[in-house]
Amino acid sequence: MTVEIDPDEFALLRAINTFEEREAATASAIVFAADDHPVDPAADSLAEGERNGTMTVRGASSIGAPQNSWKIKLDADPYRGQTTLHLSKHTFDITRLRNALGARLLRNVPFLPSFRTQFVHLVVNGEDMGLFTQNEHLDARYLRHRHFDERGALYKAQGFHFAVPSAQERTDQVIDGLESKALDDHRGVFAMLDGLHDSSRSFEEVVAQHFDRDNLIDFIASYYLIKNVDSVEQNYYLYAPVNDPERFYLLPWDLDGGWDFYGQDPQPIPSWREGLANWWGNDLFRRMLQDRDFVEDVVAVSYTHLRAHETGRNL
């Protein structure tokens, strides 16, 4: 992949160090090209005022890392069917493989739709930026290709604990920790959270109305197996179909914190965080872990997935 961008604007993007700076930054015009995505001759030079997309810094906890990750939005002509490209550097992963490996293995998990990845070589203004992982953008196209209703609700978790919504959240019709990627009507999320925190109902009743049991079990079992512990409040999406807006499915995202990521550190995380107790700080998962039947099913499914990996069927 190659990108042409104004050098001064590129320097400003590379200097972003905080989430707030990222949110305030303006995406810069670019000319994007790839081996199988040649540049339109009418848009081959920024000097002539032409462009075919924009670029900005991406990431949350990785903001301020020595090497940036990027988000590219193409104006029209998609690249391999996508107009939003997530290019992740995975600066803190010394292997640069964890996210792609996790996404590839999760393709074989029956009730947890994964996302596509590929490795790309990025060159910006003639400067070799090295290897990146391109992650499939979760949008209507992603949903359609996995036989979901593309008109449904889609949220990205960013500091979300399935907590009881505050009165202010209900008034403002916003949910702290969730970034809506589709709809402005959040009544389904509020109904789900109210049901989850209704102490008069069993967890099985809550799941039957607001979740998919197999999806929940596959999510926690898979994240547990690959040790993706940085998922208590982020690194997943929530989806609800338009004809059942109070029923939510968990979708995986950003798996570079798995595969003993914290084992790279001379002072690794406490061992309890590598077990199911890691998710105790999330209200949904805490109720799940308090239900004996659910825990037994998570353990059973974990062994099933593990045996599949050991025999090589998923490699």
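Predicted model: local features only at pLDDT ≥ 70, side-chain atom pairs only at ≥ 80, totals over all residues.
Arg116, Glu136, Arg141 and Arg146 are tied together in a network of salt bridges.

**Around Glu136**
- Glu136 pairs with Arg146, with the closest N and O atoms 2.7 Å apart.
- That pair links distant parts of the chain: Glu136 sits in the loop between strand S7 (127–135) and helix H4 (140–145), while Arg146 sits in the loop between H4 and strand S8 (153–158), 10 residues apart.
- Glu136 also forms a salt bridge with Arg141, and here the closest N and O atoms are 3.8 Å apart.
- Glu136 is buried, at 2% relative accessible area, and Arg141 is buried too, at 16%.
- Arg146, at 22% relative accessibility, counts as partly exposed.

**Another salt bridge**
- Glu179 and Lys181 form a salt bridge, with their closest N and O atoms 2.8 Å apart.
- Both ends are partly exposed: Glu179 has a relative accessible area of 31%, and Lys181 comes in at 32%.

**His90**
- You'll find His90 in the loop between strand S5 (84–88) and helix H3 (98–106).
- His90 counts as buried because its relative accessibility is 6%, under the 20% cut-off.
- Beyond its neighbours within four places in sequence, His90 touches Ser69, Arg96, Asn99, Thr133, Asp254 and Asp256.

**Nonpolar patch**
- Leu97, Phe119 and Leu131 make a nonpolar surface patch of about 270 Å².
- Phe119 belongs to strand S6 (residues 117–124) and is partly exposed, with a relative accessible area of 41%.

Note on methods. Residues numbered from 1 in each chain as written. Heavy atoms only, no water. Helix = DSSP H or I, 4+ residues; strand = E, 2+ residues; numbered from the N terminus. Buried < 20%, exposed > 50% of the residue type's maximum accessible area, 1.4 Å probe, protein only. Contact = heavy atoms within 4.5 Å. Patch = residues over 30% accessible without salt bridge, like charges linked within 9 Å, V, L, I, M, F, W, Y side chains within 5 Å. Areas by Shrake-Rupley, 256 points an atom, 1.4 Å probe, with all protein chains shown as cover. Salt bridge = Lys/Arg side-chain N within 4 Å of Asp/Glu carboxyl O.
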